[in-house]
Amino acid sequence: MMKFKAILFLGLAVLVASCGMLGKGGKGGNEASSKTGWEYNNPDNGGFQADGDFNQVTGPGLTFIEGGTFTMGRVEQDVMYDWNNMPRRVTVASFYMDETEVSNLDYREYIFWLNRVYPENKEKIEQALPDTLVWRKELAYNEPYIQNYFRHPAYSDYPVVGVSWEQAEAYCKWRTDRVNEKILVDRGVLQHDNTQGGQNVFTSNTYLAGLYQGTEGDDPIEDAAGNPRRLKWEDGALLPSYRLPTEAEWEYAAYGLIGNTEGELLTERKLYPWNGSYLRDDSKKDRGQMMANFVRGRGDMMGMAGALNDNADITAPVNSYNPNDFGLYCMAGNVNEWVADVYRPLSQQDVEEFQPFRGTVYTEYKRDGDGNLIRNEFGELIADTIADYRNYEDGDYRSQIIEGPDWEAMEDQLSTEDMYIKGEESGEFTSLISDNVRVYKGGSWRDRPYWLIPGTRRYLEQDKATNDLGFRCAMTRVGSPKGF
(Lines give C-alpha, C1' and ligand atoms only; values in the text may rest on other atoms or scores of the structure.)
Protein backbone atom coordinates (compact mmCIF):
# COMPACT_ATOMS: atom_id res chain seq x y z
CA MET A 1 0.00 0.00 0.00
CA MET A 2 2.84 2.36 0.92
CA LYS A 3 4.58 1.48 -2.34
CA PHE A 4 1.42 2.32 -4.32
CA LYS A 5 1.06 5.73 -2.57
CA ALA A 6 4.69 6.54 -3.32
CA ILE A 7 4.22 5.73 -7.00
CA LEU A 8 0.97 7.76 -7.09
CA PHE A 9 2.65 10.76 -5.44
CA LEU A 10 5.57 10.61 -7.84
CA GLY A 11 3.22 10.43 -10.83
CA LEU A 12 1.21 13.43 -9.64
CA ALA A 13 4.39 15.41 -9.08
CA VAL A 14 5.59 14.72 -12.62
CA LEU A 15 2.14 15.59 -14.02
CA VAL A 16 1.96 18.89 -12.12
CA ALA A 17 5.49 19.82 -13.13
CA SER A 18 4.88 19.04 -16.80
CA CYS A 19 1.56 20.87 -16.83
CA GLY A 20 3.21 23.92 -15.26
CA MET A 21 5.95 23.86 -17.86
CA LEU A 22 3.54 23.52 -20.76
CA GLY A 23 1.10 26.03 -19.39
CA LYS A 24 3.60 28.83 -18.93
CA GLY A 25 5.44 28.02 -22.12
CA GLY A 26 2.16 28.10 -24.03
CA LYS A 27 1.80 31.77 -23.19
CA GLY A 28 5.34 32.55 -24.28
CA GLY A 29 6.03 32.35 -20.55
CA ASN A 30 8.96 32.54 -18.18
CA GLU A 31 10.14 28.98 -17.51
CA ALA A 32 10.34 26.64 -20.48
CA SER A 33 9.33 26.23 -24.11
CA SER A 34 6.17 24.26 -24.74
CA LYS A 35 7.64 23.17 -28.07
CA THR A 36 11.17 22.08 -27.11
CA GLY A 37 11.12 21.81 -23.31
CA TRP A 38 14.29 23.90 -22.95
CA GLU A 39 14.26 26.47 -20.18
CA TYR A 40 14.00 30.14 -21.00
CA ASN A 41 16.37 32.69 -19.44
CA ASN A 42 18.90 29.99 -18.56
CA PRO A 43 22.53 30.87 -19.37
CA ASP A 44 23.48 27.18 -19.32
CA ASN A 45 21.59 26.59 -22.57
CA GLY A 46 22.34 29.88 -24.30
CA GLY A 47 20.20 32.26 -22.27
CA PHE A 48 17.33 32.76 -24.71
CA GLN A 49 15.14 35.32 -23.00
CA ALA A 50 11.34 35.25 -22.95
CA ASP A 51 8.85 37.40 -21.11
CA GLY A 52 5.33 36.66 -20.01
CA ASP A 53 2.14 38.42 -21.07
CA PHE A 54 2.80 41.86 -22.51
CA ASN A 55 0.40 44.81 -22.55
CA GLN A 56 1.40 48.02 -24.34
CA VAL A 57 1.81 51.17 -22.28
CA THR A 58 -0.11 54.22 -23.51
CA GLY A 59 2.34 56.89 -24.67
CA PRO A 60 2.23 60.51 -23.46
CA GLY A 61 -0.72 62.48 -24.82
CA LEU A 62 -2.43 59.46 -26.38
CA THR A 63 -5.85 57.88 -25.94
CA PHE A 64 -6.62 54.26 -26.74
CA ILE A 65 -8.95 53.75 -29.73
CA GLU A 66 -10.48 50.29 -29.80
CA GLY A 67 -10.69 49.15 -33.41
CA GLY A 68 -13.62 47.70 -35.28
CA THR A 69 -15.66 47.86 -38.44
CA PHE A 70 -17.50 50.92 -39.75
CA THR A 71 -18.82 52.40 -42.97
CA MET A 72 -16.24 54.85 -44.23
CA GLY A 73 -17.21 57.66 -46.57
CA ARG A 74 -20.23 59.77 -47.38
CA VAL A 75 -23.12 60.07 -44.91
CA GLU A 76 -24.49 63.33 -46.37
CA GLN A 77 -25.33 64.62 -49.82
CA ASP A 78 -22.20 65.14 -51.92
CA VAL A 79 -22.77 68.86 -52.38
CA MET A 80 -19.33 69.33 -53.98
CA TYR A 81 -20.02 66.55 -56.52
CA ASP A 82 -16.46 65.29 -56.13
CA TRP A 83 -17.58 61.65 -55.87
CA ASN A 84 -14.44 61.02 -53.82
CA ASN A 85 -15.91 59.52 -50.64
CA MET A 86 -18.24 56.75 -51.74
CA PRO A 87 -19.30 54.63 -48.73
CA ARG A 88 -17.51 51.37 -48.06
CA ARG A 89 -17.38 49.10 -45.03
CA VAL A 90 -13.85 48.57 -43.69
CA THR A 91 -12.11 47.41 -40.52
CA VAL A 92 -9.60 49.45 -38.54
CA ALA A 93 -7.23 47.82 -36.03
CA SER A 94 -6.95 49.23 -32.52
CA PHE A 95 -4.51 52.12 -32.22
CA TYR A 96 -3.72 55.21 -30.14
CA MET A 97 -4.43 58.81 -31.01
CA ASP A 98 -3.64 62.21 -29.53
CA GLU A 99 -6.40 63.45 -27.26
CA THR A 100 -5.98 66.92 -28.76
CA GLU A 101 -4.43 68.61 -31.75
CA VAL A 102 -0.74 69.44 -31.41
CA SER A 103 -0.57 72.90 -29.83
CA ASN A 104 1.73 75.86 -30.31
CA LEU A 105 3.36 75.02 -26.97
CA ASP A 106 3.99 71.44 -28.08
CA TYR A 107 5.56 72.59 -31.31
CA ARG A 108 7.65 75.31 -29.64
CA GLU A 109 9.19 72.56 -27.48
CA TYR A 110 10.28 70.88 -30.71
CA ILE A 111 11.80 74.09 -32.10
CA PHE A 112 13.55 74.78 -28.78
CA TRP A 113 15.13 71.30 -28.85
CA LEU A 114 16.36 71.79 -32.42
CA ASN A 115 17.93 75.12 -31.46
CA ARG A 116 19.62 73.53 -28.43
CA VAL A 117 20.94 70.42 -30.20
CA TYR A 118 21.72 71.90 -33.64
CA PRO A 119 22.66 75.54 -32.89
CA GLU A 120 24.89 75.78 -35.96
CA ASN A 121 22.40 74.22 -38.36
CA LYS A 122 20.11 77.11 -39.21
CA GLU A 123 18.75 75.34 -42.29
CA LYS A 124 17.45 72.38 -40.26
CA ILE A 125 15.76 74.72 -37.78
CA GLU A 126 14.21 76.90 -40.47
CA GLN A 127 12.81 73.84 -42.24
CA ALA A 128 10.87 73.00 -39.09
CA LEU A 129 9.48 76.48 -38.34
CA PRO A 130 5.77 77.05 -39.07
CA ASP A 131 4.98 79.48 -41.86
CA THR A 132 3.47 82.38 -39.92
CA LEU A 133 2.80 84.26 -43.16
CA VAL A 134 -0.20 81.99 -43.75
CA TRP A 135 -2.11 84.57 -41.70
CA ARG A 136 -1.44 87.35 -44.21
CA LYS A 137 -4.45 88.29 -46.35
CA GLU A 138 -4.47 91.04 -48.96
CA LEU A 139 -7.76 92.54 -47.78
CA ALA A 140 -7.65 91.80 -44.05
CA TYR A 141 -5.70 93.11 -41.06
CA ASN A 142 -4.17 89.84 -39.85
CA GLU A 143 -0.63 91.14 -39.27
CA PRO A 144 -0.82 90.72 -35.44
CA TYR A 145 -1.28 86.96 -35.87
CA ILE A 146 1.95 86.75 -37.87
CA GLN A 147 3.88 88.04 -34.88
CA ASN A 148 1.84 86.60 -32.02
CA TYR A 149 -0.05 83.43 -32.86
CA PHE A 150 2.80 80.93 -32.71
CA ARG A 151 5.06 82.54 -30.10
CA HIS A 152 2.92 84.53 -27.67
CA PRO A 153 1.96 82.60 -24.50
CA ALA A 154 -1.65 83.73 -24.91
CA TYR A 155 -1.88 81.24 -27.78
CA SER A 156 0.16 78.42 -26.21
CA ASP A 157 -2.81 76.03 -25.97
CA TYR A 158 -4.08 76.82 -29.45
CA PRO A 159 -3.43 74.39 -32.33
CA VAL A 160 -0.27 74.97 -34.31
CA VAL A 161 -0.96 75.98 -37.92
CA GLY A 162 1.21 76.90 -40.87
CA VAL A 163 2.72 73.41 -40.68
CA SER A 164 3.02 71.32 -43.84
CA TRP A 165 2.48 67.56 -44.02
CA GLU A 166 6.24 67.11 -44.29
CA GLN A 167 6.84 69.17 -41.15
CA ALA A 168 4.14 67.23 -39.28
CA GLU A 169 5.84 63.96 -40.23
CA ALA A 170 9.19 65.28 -38.97
CA TYR A 171 7.58 66.29 -35.66
CA CYS A 172 6.18 62.78 -35.22
CA LYS A 173 9.63 61.26 -35.70
CA TRP A 174 11.20 63.69 -33.26
CA ARG A 175 8.48 62.99 -30.68
CA THR A 176 9.07 59.24 -30.98
CA ASP A 177 12.76 59.67 -30.20
CA ARG A 178 12.22 62.00 -27.26
CA VAL A 179 9.60 59.73 -25.66
CA ASN A 180 11.74 56.61 -26.08
CA GLU A 181 14.84 58.41 -24.80
CA LYS A 182 12.94 59.40 -21.65
CA ILE A 183 11.75 55.80 -21.18
CA LEU A 184 15.38 54.62 -21.15
CA VAL A 185 16.47 57.41 -18.82
CA ASP A 186 13.59 56.77 -16.39
CA ARG A 187 14.39 53.04 -16.34
CA GLY A 188 18.03 53.74 -15.57
CA VAL A 189 19.26 52.21 -18.83
CA LEU A 190 20.75 55.53 -20.00
CA GLN A 191 21.89 58.67 -18.26
CA HIS A 192 20.29 61.90 -19.40
CA ASP A 193 22.65 63.68 -21.77
CA ASN A 194 21.83 67.34 -22.14
CA THR A 195 24.92 67.95 -24.28
CA GLN A 196 24.20 65.58 -27.16
CA GLY A 197 24.50 67.02 -30.63
CA GLY A 198 26.05 66.59 -34.06
CA GLN A 199 26.62 62.93 -34.87
CA ASN A 200 25.75 61.74 -31.36
CA VAL A 201 22.02 62.43 -31.01
CA PHE A 202 19.66 59.83 -29.62
CA THR A 203 17.14 58.39 -32.04
CA SER A 204 15.26 55.15 -31.52
CA ASN A 205 16.73 53.66 -34.69
CA THR A 206 20.35 54.60 -34.00
CA TYR A 207 20.08 53.31 -30.44
CA LEU A 208 18.63 49.96 -31.52
CA ALA A 209 21.28 49.69 -34.25
CA GLY A 210 24.04 50.23 -31.68
CA LEU A 211 25.14 53.55 -33.18
CA TYR A 212 24.20 55.89 -30.35
CA GLN A 213 27.00 56.23 -27.83
CA GLY A 214 25.19 57.32 -24.69
CA THR A 215 26.28 56.93 -21.08
CA GLU A 216 25.06 53.78 -19.35
CA GLY A 217 22.63 54.38 -16.50
CA ASP A 218 22.54 53.01 -12.97
CA ASP A 219 20.19 50.12 -13.81
CA PRO A 220 21.30 48.59 -17.13
CA ILE A 221 19.48 45.73 -18.81
CA GLU A 222 21.10 42.37 -18.07
CA ASP A 223 21.16 39.09 -19.94
CA ALA A 224 20.33 35.72 -18.35
CA ALA A 225 23.88 35.48 -16.98
CA GLY A 226 23.64 38.89 -15.31
CA ASN A 227 25.85 40.72 -17.79
CA PRO A 228 24.89 44.24 -18.97
CA ARG A 229 23.53 44.42 -22.49
CA ARG A 230 21.87 46.91 -24.80
CA LEU A 231 18.09 47.03 -24.64
CA LYS A 232 16.48 45.42 -27.68
CA TRP A 233 13.17 45.88 -29.48
CA GLU A 234 12.21 42.40 -28.25
CA ASP A 235 12.23 43.70 -24.67
CA GLY A 236 9.07 45.70 -25.40
CA ALA A 237 10.25 48.73 -23.44
CA LEU A 238 10.34 51.17 -26.35
CA LEU A 239 7.13 52.46 -27.88
CA PRO A 240 6.19 52.18 -31.56
CA SER A 241 6.57 55.30 -33.65
CA TYR A 242 4.34 58.33 -33.33
CA ARG A 243 2.97 59.02 -36.80
CA LEU A 244 0.14 60.72 -38.64
CA PRO A 245 -3.09 58.67 -38.55
CA THR A 246 -4.33 57.09 -41.75
CA GLU A 247 -7.50 58.54 -43.23
CA ALA A 248 -9.47 55.47 -42.14
CA GLU A 249 -8.11 55.71 -38.58
CA TRP A 250 -8.86 59.41 -38.35
CA GLU A 251 -12.42 59.05 -39.66
CA TYR A 252 -13.12 56.04 -37.42
CA ALA A 253 -11.81 57.87 -34.36
CA ALA A 254 -13.77 61.04 -35.19
CA TYR A 255 -17.12 59.25 -35.24
CA GLY A 256 -16.54 57.55 -31.88
CA LEU A 257 -19.15 54.89 -32.61
CA ILE A 258 -18.15 52.98 -29.47
CA GLY A 259 -20.87 54.96 -27.72
CA ASN A 260 -23.53 53.93 -30.24
CA THR A 261 -23.38 50.16 -30.10
CA GLU A 262 -25.40 47.47 -28.39
CA GLY A 263 -23.56 44.18 -28.61
CA GLU A 264 -22.54 43.92 -32.26
CA LEU A 265 -25.28 46.26 -33.45
CA LEU A 266 -24.91 49.93 -34.32
CA THR A 267 -27.84 51.67 -32.69
CA GLU A 268 -27.37 55.10 -34.27
CA ARG A 269 -25.20 56.22 -37.13
CA LYS A 270 -23.59 59.63 -36.77
CA LEU A 271 -23.41 62.64 -39.04
CA TYR A 272 -20.91 64.48 -36.82
CA PRO A 273 -18.63 63.32 -33.97
CA TRP A 274 -21.64 63.83 -31.68
CA ASN A 275 -25.13 62.31 -31.85
CA GLY A 276 -27.88 63.93 -33.85
CA SER A 277 -27.88 66.30 -36.79
CA TYR A 278 -27.80 69.51 -34.76
CA LEU A 279 -24.85 71.83 -34.30
CA ARG A 280 -25.91 73.13 -30.88
CA ASP A 281 -25.70 71.35 -27.53
CA ASP A 282 -29.06 70.07 -26.26
CA SER A 283 -27.92 69.27 -22.71
CA LYS A 284 -29.47 71.19 -19.84
CA LYS A 285 -26.17 72.70 -18.74
CA ASP A 286 -24.90 73.95 -22.11
CA ARG A 287 -28.12 74.14 -24.10
CA GLY A 288 -27.75 76.24 -27.23
CA GLN A 289 -23.96 76.33 -27.23
CA MET A 290 -22.14 75.41 -30.43
CA MET A 291 -20.61 71.92 -30.48
CA ALA A 292 -17.56 73.01 -32.48
CA ASN A 293 -15.66 75.99 -33.86
CA PHE A 294 -16.84 76.76 -37.40
CA VAL A 295 -18.40 79.50 -39.53
CA ARG A 296 -22.07 79.90 -38.62
CA GLY A 297 -22.92 81.95 -41.70
CA ARG A 298 -21.55 84.55 -44.06
CA GLY A 299 -19.37 86.91 -42.03
CA ASP A 300 -20.31 85.25 -38.71
CA MET A 301 -17.19 83.71 -37.20
CA MET A 302 -18.12 83.73 -33.50
CA GLY A 303 -21.52 85.27 -32.76
CA MET A 304 -22.62 88.54 -31.13
CA ALA A 305 -20.79 90.47 -28.42
CA GLY A 306 -22.08 89.43 -25.02
CA ALA A 307 -22.93 85.98 -26.34
CA LEU A 308 -19.93 84.85 -28.38
CA ASN A 309 -21.18 81.28 -28.25
CA ASP A 310 -18.18 79.31 -29.56
CA ASN A 311 -15.83 81.91 -27.97
CA ALA A 312 -13.41 81.73 -30.87
CA ASP A 313 -12.77 84.34 -33.52
CA ILE A 314 -10.07 82.20 -35.15
CA THR A 315 -8.97 78.94 -33.55
CA ALA A 316 -9.79 77.86 -29.98
CA PRO A 317 -7.68 76.03 -27.36
CA VAL A 318 -7.14 72.39 -28.31
CA ASN A 319 -9.21 71.03 -25.41
CA SER A 320 -12.28 73.15 -26.15
CA TYR A 321 -15.85 71.85 -26.51
CA ASN A 322 -17.02 68.39 -25.50
CA PRO A 323 -14.88 65.37 -26.43
CA ASN A 324 -16.41 62.56 -28.49
CA ASP A 325 -17.05 59.08 -27.12
CA PHE A 326 -13.37 58.13 -27.54
CA GLY A 327 -12.39 61.17 -25.45
CA LEU A 328 -10.96 63.10 -28.42
CA TYR A 329 -11.32 66.88 -28.60
CA CYS A 330 -12.03 68.99 -31.69
CA MET A 331 -12.44 66.16 -34.19
CA ALA A 332 -14.76 68.60 -35.96
CA GLY A 333 -13.93 72.25 -36.47
CA ASN A 334 -11.13 74.36 -34.98
CA VAL A 335 -8.50 73.26 -37.53
CA ASN A 336 -8.45 70.73 -40.32
CA GLU A 337 -5.95 67.92 -39.73
CA TRP A 338 -3.40 66.22 -41.95
CA VAL A 339 -3.65 62.45 -42.37
CA ALA A 340 -1.06 60.10 -43.82
CA ASP A 341 -2.82 59.16 -47.07
CA VAL A 342 -1.92 60.20 -50.58
CA TYR A 343 -5.06 61.62 -52.19
CA ARG A 344 -6.89 59.80 -54.94
CA PRO A 345 -10.59 60.35 -55.71
CA LEU A 346 -11.32 56.61 -55.78
CA SER A 347 -9.02 55.42 -53.01
CA GLN A 348 -11.90 54.06 -50.94
CA GLN A 349 -12.81 51.74 -53.79
CA ASP A 350 -9.23 50.57 -54.33
CA VAL A 351 -7.75 50.05 -50.87
CA GLU A 352 -7.90 46.94 -48.71
CA GLU A 353 -10.84 46.14 -46.44
CA PHE A 354 -8.52 45.82 -43.42
CA GLN A 355 -6.40 48.84 -42.51
CA PRO A 356 -7.15 50.74 -45.76
CA PHE A 357 -4.39 53.13 -46.77
CA ARG A 358 -2.85 54.58 -49.92
CA GLY A 359 0.68 55.85 -49.53
CA THR A 360 2.80 52.81 -48.77
CA VAL A 361 6.49 53.28 -49.54
CA TYR A 362 8.83 50.52 -48.42
CA THR A 363 12.24 51.65 -47.29
CA GLU A 364 15.37 50.22 -45.73
CA TYR A 365 18.42 51.94 -44.34
CA LYS A 366 21.44 52.49 -46.55
CA ARG A 367 24.63 50.54 -45.80
CA ASP A 368 28.21 50.86 -46.97
CA GLY A 369 30.22 48.19 -48.74
CA ASP A 370 30.94 46.43 -45.45
CA GLY A 371 27.29 46.31 -44.47
CA ASN A 372 27.50 49.11 -41.89
CA LEU A 373 24.59 51.52 -41.54
CA ILE A 374 25.25 54.98 -42.97
CA ARG A 375 24.33 58.17 -41.12
CA ASN A 376 23.94 61.71 -42.41
CA GLU A 377 25.61 64.81 -40.97
CA PHE A 378 23.00 64.95 -38.21
CA GLY A 379 23.65 61.38 -37.08
CA GLU A 380 20.39 60.10 -38.56
CA LEU A 381 20.09 56.87 -40.52
CA ILE A 382 19.50 57.38 -44.23
CA ALA A 383 16.41 55.68 -45.66
CA ASP A 384 16.47 54.26 -49.18
CA THR A 385 13.22 53.63 -51.10
CA ILE A 386 12.94 50.05 -52.31
CA ALA A 387 9.27 49.99 -53.37
CA ASP A 388 6.74 52.78 -53.91
CA TYR A 389 3.05 51.85 -54.02
CA ARG A 390 1.46 55.29 -53.93
CA ASN A 391 0.29 54.74 -57.52
CA TYR A 392 -0.61 51.06 -57.18
CA GLU A 393 -3.67 50.17 -59.33
CA ASP A 394 -4.30 53.86 -59.72
CA GLY A 395 -6.72 54.11 -62.66
CA ASP A 396 -6.05 54.07 -66.39
CA TYR A 397 -3.71 56.51 -68.10
CA ARG A 398 -6.07 56.55 -71.10
CA SER A 399 -8.56 58.51 -69.00
CA GLN A 400 -6.11 61.36 -68.42
CA ILE A 401 -6.15 64.57 -70.43
CA ILE A 402 -2.72 64.86 -72.03
CA GLU A 403 -1.89 68.33 -73.30
CA GLY A 404 1.09 67.12 -75.27
CA PRO A 405 1.28 64.30 -77.84
CA ASP A 406 -1.76 62.13 -78.37
CA TRP A 407 -1.78 59.18 -75.96
CA GLU A 408 -2.18 56.64 -78.76
CA ALA A 409 1.22 57.66 -80.10
CA MET A 410 2.67 57.14 -76.62
CA GLU A 411 0.79 53.97 -75.69
CA ASP A 412 3.89 51.75 -75.78
CA GLN A 413 5.81 54.09 -73.50
CA LEU A 414 3.11 54.91 -70.94
CA SER A 415 2.09 53.00 -67.84
CA THR A 416 -0.18 53.64 -64.87
CA GLU A 417 2.84 55.22 -63.17
CA ASP A 418 2.78 57.96 -65.82
CA MET A 419 -0.77 59.11 -65.15
CA TYR A 420 0.17 62.71 -64.44
CA ILE A 421 1.92 63.77 -67.61
CA LYS A 422 3.48 67.13 -68.40
CA GLY A 423 2.47 68.56 -71.74
CA GLU A 424 5.36 69.23 -74.09
CA GLU A 425 3.91 72.50 -75.35
CA SER A 426 2.05 73.83 -72.34
CA GLY A 427 4.62 72.70 -69.78
CA GLU A 428 1.76 72.15 -67.35
CA PHE A 429 0.70 69.00 -65.54
CA THR A 430 -2.62 67.53 -66.58
CA SER A 431 -3.79 67.07 -62.99
CA LEU A 432 -3.36 68.71 -59.60
CA ILE A 433 -3.28 65.23 -58.09
CA SER A 434 0.19 63.74 -57.69
CA ASP A 435 2.09 61.45 -55.34
CA ASN A 436 2.89 64.48 -53.20
CA VAL A 437 -0.71 65.50 -52.50
CA ARG A 438 -2.10 64.47 -49.11
CA VAL A 439 -5.56 64.23 -47.57
CA TYR A 440 -6.80 66.48 -44.79
CA LYS A 441 -10.06 66.24 -42.85
CA GLY A 442 -12.19 67.66 -40.08
CA GLY A 443 -13.30 71.18 -40.97
CA SER A 444 -11.98 74.35 -39.36
CA TRP A 445 -12.77 77.79 -37.95
CA ARG A 446 -13.01 79.00 -41.56
CA ASP A 447 -15.37 76.26 -42.80
CA ARG A 448 -19.11 75.76 -43.11
CA PRO A 449 -20.72 72.83 -41.23
CA TYR A 450 -20.54 70.51 -44.26
CA TRP A 451 -16.81 70.02 -43.73
CA LEU A 452 -17.29 69.03 -40.07
CA ILE A 453 -18.61 65.66 -41.25
CA PRO A 454 -15.74 63.14 -40.80
CA GLY A 455 -16.47 61.45 -44.14
CA THR A 456 -15.64 64.58 -46.16
CA ARG A 457 -12.13 64.91 -47.52
CA ARG A 458 -9.94 67.48 -49.23
CA TYR A 459 -6.33 67.57 -50.37
CA LEU A 460 -3.26 69.80 -50.51
CA GLU A 461 0.35 69.46 -51.63
CA GLN A 462 2.40 68.01 -48.80
CA ASP A 463 4.83 70.94 -48.71
CA LYS A 464 2.08 73.58 -48.41
CA ALA A 465 0.50 75.03 -45.25
CA THR A 466 -2.52 77.16 -44.32
CA ASN A 467 -3.82 79.02 -41.27
CA ASP A 468 -6.63 76.51 -40.69
CA LEU A 469 -4.71 73.25 -41.00
CA GLY A 470 -2.94 71.44 -38.14
CA PHE A 471 -2.42 67.83 -37.07
CA ARG A 472 -2.42 65.27 -34.29
CA CYS A 473 -0.34 62.10 -33.92
CA ALA A 474 -1.29 58.44 -33.74
CA MET A 475 0.51 55.25 -32.69
CA THR A 476 0.09 51.61 -33.65
CA ARG A 477 -1.32 49.22 -31.05
CA VAL A 478 0.69 45.99 -30.78
CA GLY A 479 -0.76 42.73 -29.51
CA SER A 480 -4.33 42.32 -28.30
CA PRO A 481 -6.80 44.78 -29.87
CA LYS A 482 -8.56 45.24 -26.52
CA GLY A 483 -5.94 44.47 -23.87
CA PHE A 484 -5.91 41.66 -21.36
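## Chatting through contacts in a predicted model

Trainee: Where is Asn-391 found?
Mentor: Asn-391 sits in the loop between β12 (383–388) and α9 (407–410); helices (H or I, at least four residues) and strands (E, at least two) are DSSP runs, numbered from the N terminus. Keep in mind this is a predicted model, where local features need pLDDT of at least 70, side-chain atom pairs count only at pLDDT 80 or more, and totals for chains, interfaces and linings use all residues. Residues are numbered from 1 along each chain as its sequence is written, and side-chain values use heavy atoms, with hydrogens and water left out.

Trainee: Is Asn-391 buried or exposed?
Mentor: Asn-391 counts as buried, because its relative accessibility is 11%. Buried means under 20% relative accessible area, exposed over 50%, and partly exposed in between (1.4 Å probe, protein chains only).

Trainee: And what does the side chain of Asn-391 make a polar contact with?
Mentor: The side chain of Asp-435, at 3.1 Å. A polar contact is a pair of N or O atoms within 3.5 Å; within protein, one must be able to donate a hydrogen and the other to accept it, and residues adjacent in sequence count only if both atoms are side-chain atoms.

Trainee: Switching to salt bridges, how many does the structure hold?
Mentor: There are 18, each being a side-chain nitrogen of Lys or Arg within 4 Å of a carboxyl oxygen of Asp or Glu. In one of them, Arg-175 meets Asp-98 at 2.8 Å, N to O. Arg-175 is in helix α5 (residues 165–186) and Asp-98 in strand β4 (residues 95–98), so the pair ties together parts 77 residues apart in sequence.

Trainee: Are those two buried or exposed?
Mentor: Arg-175 is buried at 11% relative accessible area, and Asp-98 is buried too, at 3%.

Trainee: OK, which salt bridge does Lys-441 form?
Mentor: Lys-441 pairs with Glu-247, and their closest N and O atoms are 3.2 Å apart. Lys-441 lies in strand β13 (residues 437–441) and Glu-247 in helix α7 (residues 247–255), so this pair ties together parts 194 residues apart in sequence. Both residues are buried. They also belong to a salt-bridge network with Glu-251 and Arg-457.

Trainee: Last topic: which ring does Arg-438 lie over?
Mentor: The face of Trp-165, at 3.8 Å from the ring centre. A charge sits over a ring if NZ of Lys or CZ of Arg is within 6 Å of the ring centre and within 35 degrees of the ring normal. Arg-458 lies over the face of Trp-451, at 4.0 Å from the ring centre.
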